[in-house]
Amino acid sequence: MSIVQQLVNNPLNWALGAVVVYFAFAVTSGPSSRRGRSVVPPPKHPDIIELRNYTPKELSQFDGRASKKIYLAVKGSVFDVSSGASFYGPDGMYGNFAGRDASRGLAKDSFDAEMVQSLDLPIDTLADLDPSEVETLSGWFQFFSGKYTLVGYLVNEE
(Lines give C-alpha, C1' and ligand atoms only; values in the text may rest on other atoms or scores of the structure.)
Protein backbone atom coordinates (compact mmCIF):
# COMPACT_ATOMS: atom_id res chain seq x y z
CA MET A 1 0.00 0.00 0.00
CA SER A 2 1.40 3.39 -0.98
CA ILE A 3 1.71 6.38 1.35
CA VAL A 4 -1.02 8.24 -0.52
CA GLN A 5 -3.45 5.35 -0.05
CA GLN A 6 -2.61 5.17 3.65
CA LEU A 7 -3.25 8.93 4.06
CA VAL A 8 -6.57 8.71 2.19
CA ASN A 9 -7.83 5.62 3.99
CA ASN A 10 -7.01 6.71 7.58
CA PRO A 11 -9.92 8.64 9.23
CA LEU A 12 -7.51 10.41 11.60
CA ASN A 13 -5.84 12.06 8.62
CA TRP A 14 -9.22 13.32 7.40
CA ALA A 15 -9.95 14.86 10.80
CA LEU A 16 -6.52 16.52 10.99
CA GLY A 17 -6.93 17.79 7.44
CA ALA A 18 -10.29 19.34 8.30
CA VAL A 19 -8.77 21.12 11.32
CA VAL A 20 -5.91 22.49 9.21
CA VAL A 21 -8.32 23.74 6.53
CA TYR A 22 -10.56 25.37 9.16
CA PHE A 23 -7.68 27.25 10.81
CA ALA A 24 -6.23 28.29 7.48
CA PHE A 25 -9.61 29.69 6.45
CA ALA A 26 -10.09 31.47 9.81
CA VAL A 27 -6.68 33.11 9.64
CA THR A 28 -6.99 34.28 6.04
CA SER A 29 -10.60 35.47 6.11
CA GLY A 30 -10.96 36.91 9.65
CA PRO A 31 -12.05 40.52 10.31
CA SER A 32 -8.50 41.74 10.87
CA SER A 33 -7.30 40.39 7.52
CA ARG A 34 -10.16 42.10 5.63
CA ARG A 35 -9.48 45.57 6.99
CA GLY A 36 -5.78 45.26 7.52
CA ARG A 37 -6.01 46.23 11.19
CA SER A 38 -6.64 44.67 14.53
CA VAL A 39 -10.20 44.17 15.76
CA VAL A 40 -9.21 44.97 19.34
CA PRO A 41 -9.27 48.73 19.97
CA PRO A 42 -6.14 50.23 21.45
CA PRO A 43 -6.24 50.72 25.22
CA LYS A 44 -7.47 54.11 26.42
CA HIS A 45 -5.36 55.87 28.97
CA PRO A 46 -7.46 56.81 32.01
CA ASP A 47 -8.21 60.48 32.48
CA ILE A 48 -5.69 62.29 34.63
CA ILE A 49 -7.25 63.81 37.72
CA GLU A 50 -5.50 66.64 39.48
CA LEU A 51 -6.64 66.66 43.10
CA ARG A 52 -7.51 70.09 44.39
CA ASN A 53 -9.10 71.77 47.35
CA TYR A 54 -12.74 72.89 47.21
CA THR A 55 -14.40 75.37 49.51
CA PRO A 56 -18.09 74.74 50.23
CA LYS A 57 -19.04 77.50 47.76
CA GLU A 58 -16.79 76.06 45.02
CA LEU A 59 -18.16 72.58 45.64
CA SER A 60 -21.74 73.85 45.31
CA GLN A 61 -21.08 74.54 41.60
CA PHE A 62 -20.95 70.77 41.00
CA ASP A 63 -24.57 69.94 41.80
CA GLY A 64 -25.59 68.63 38.39
CA ARG A 65 -27.55 71.74 37.44
CA ALA A 66 -25.06 74.18 35.91
CA SER A 67 -22.58 71.43 35.11
CA LYS A 68 -22.98 67.76 34.28
CA LYS A 69 -20.39 67.03 36.96
CA ILE A 70 -21.78 66.04 40.34
CA TYR A 71 -19.46 66.10 43.33
CA LEU A 72 -20.13 65.58 47.00
CA ALA A 73 -17.94 65.54 50.08
CA VAL A 74 -17.71 62.85 52.74
CA LYS A 75 -15.38 63.26 55.74
CA GLY A 76 -13.47 66.04 53.97
CA SER A 77 -12.90 64.11 50.72
CA VAL A 78 -14.63 65.21 47.52
CA PHE A 79 -15.87 62.47 45.18
CA ASP A 80 -17.09 62.64 41.59
CA VAL A 81 -20.46 60.88 41.73
CA SER A 82 -21.50 61.87 38.19
CA SER A 83 -21.82 58.22 37.17
CA GLY A 84 -24.56 57.91 39.80
CA ALA A 85 -26.52 60.91 38.52
CA SER A 86 -29.83 59.10 38.94
CA PHE A 87 -29.13 58.99 42.70
CA TYR A 88 -27.13 62.19 43.27
CA GLY A 89 -28.48 64.44 40.52
CA PRO A 90 -31.03 67.22 41.07
CA ASP A 91 -33.99 64.82 40.95
CA GLY A 92 -32.27 61.91 42.69
CA MET A 93 -32.94 60.46 46.11
CA TYR A 94 -29.71 61.99 47.44
CA GLY A 95 -29.97 65.12 45.28
CA ASN A 96 -29.74 67.52 48.23
CA PHE A 97 -26.18 66.22 48.85
CA ALA A 98 -24.98 67.11 45.34
CA GLY A 99 -22.36 69.82 45.48
CA ARG A 100 -22.36 69.72 49.28
CA ASP A 101 -20.82 68.06 52.32
CA ALA A 102 -23.00 64.98 52.83
CA SER A 103 -21.21 63.77 55.98
CA ARG A 104 -23.82 64.67 58.61
CA GLY A 105 -26.76 63.33 56.63
CA LEU A 106 -24.95 60.07 55.85
CA ALA A 107 -23.87 59.64 59.47
CA LYS A 108 -27.43 60.11 60.67
CA ASP A 109 -29.01 58.14 57.82
CA SER A 110 -31.10 61.18 56.99
CA PHE A 111 -31.48 62.69 53.57
CA ASP A 112 -33.45 65.69 54.78
CA ALA A 113 -32.45 69.16 53.59
CA GLU A 114 -31.64 70.31 57.16
CA MET A 115 -28.76 67.82 57.24
CA VAL A 116 -26.90 70.01 54.76
CA GLN A 117 -25.01 72.91 56.29
CA SER A 118 -25.28 76.44 54.92
CA LEU A 119 -22.53 77.47 52.50
CA ASP A 120 -21.73 80.52 54.64
CA LEU A 121 -20.82 78.49 57.73
CA PRO A 122 -17.49 76.75 58.37
CA ILE A 123 -17.28 73.06 57.52
CA ASP A 124 -19.19 70.90 59.99
CA THR A 125 -16.72 69.30 62.45
CA LEU A 126 -19.21 66.50 63.25
CA ALA A 127 -17.99 66.64 66.86
CA ASP A 128 -21.45 65.87 68.24
CA LEU A 129 -21.87 62.53 66.44
CA ASP A 130 -22.26 59.51 68.68
CA PRO A 131 -20.06 56.40 68.15
CA SER A 132 -22.65 54.55 66.05
CA GLU A 133 -23.04 57.59 63.77
CA VAL A 134 -19.25 57.82 63.40
CA GLU A 135 -19.20 54.15 62.44
CA THR A 136 -22.04 54.64 59.95
CA LEU A 137 -20.19 57.57 58.39
CA SER A 138 -17.01 55.48 58.12
CA GLY A 139 -18.99 52.83 56.26
CA TRP A 140 -20.30 55.42 53.82
CA PHE A 141 -16.78 56.79 53.36
CA GLN A 142 -15.54 53.29 52.47
CA PHE A 143 -18.42 52.93 50.01
CA PHE A 144 -17.62 56.20 48.23
CA SER A 145 -13.87 55.49 48.27
CA GLY A 146 -14.43 52.13 46.59
CA LYS A 147 -16.97 53.23 44.00
CA TYR A 148 -16.27 56.83 43.02
CA THR A 149 -13.22 58.84 41.99
CA LEU A 150 -11.59 61.11 44.54
CA VAL A 151 -11.21 64.57 42.99
CA GLY A 152 -10.09 66.64 45.97
CA TYR A 153 -10.64 67.78 49.51
CA LEU A 154 -13.11 70.07 51.25
CA VAL A 155 -11.50 73.07 52.96
CA ASN A 156 -12.83 76.15 54.74
CA GLU A 157 -12.86 79.58 53.11
CA GLU A 158 -9.70 81.53 53.90
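Tyrosine 22 counts as exposed because its relative accessibility is 55% (exposed means over 50% relative accessible area, buried under 20%, partly exposed in between, using a 1.4 Å probe and protein chains only). Keep in mind that this is a predicted model, where local features need pLDDT of at least 70, side-chain atom pairs count only at pLDDT 80 or more, and totals for chains, interfaces and linings use all residues. Residues are numbered from 1 along each chain as its sequence is written, and side-chain values use heavy atoms, with hydrogens and water left out.

**Around helix H2**
- Tyrosine 22 sits in helix H2, residues 11–29 (helices are DSSP runs of H or I with at least four residues, strands are E runs of at least two, and numbering starts at the N terminus).
- A UniProt annotation from an unreviewed entry labels residues 12–28 "transmembrane region"; such annotations may be inferred rather than shown by experiment.
- That stretch, residues 12–28, is 100% helix and 0% strand, with its end C-alpha atoms 25 Å apart.

**The annotated domain**
- The unreviewed UniProt entry also gives "domain: Cytochrome b5 heme-binding" for residues 54–155.
- Residues 54–155 are 29% helix and 15% strand, and the end C-alpha atoms lie 6 Å apart.

**Helix H7**
- On its buried side, H7 has Glu133, Leu137, Trp140, Phe141 and Phe144.
- Looking down the axis of H7, these buried residues fall within an arc of 105 degrees, so they line one face of the helix (the arc is taken from the directions from the helix axis to the C-beta atoms).
- Facing away from that buried side are the exposed residues Pro131, Glu135, Gln142 and Gly146.
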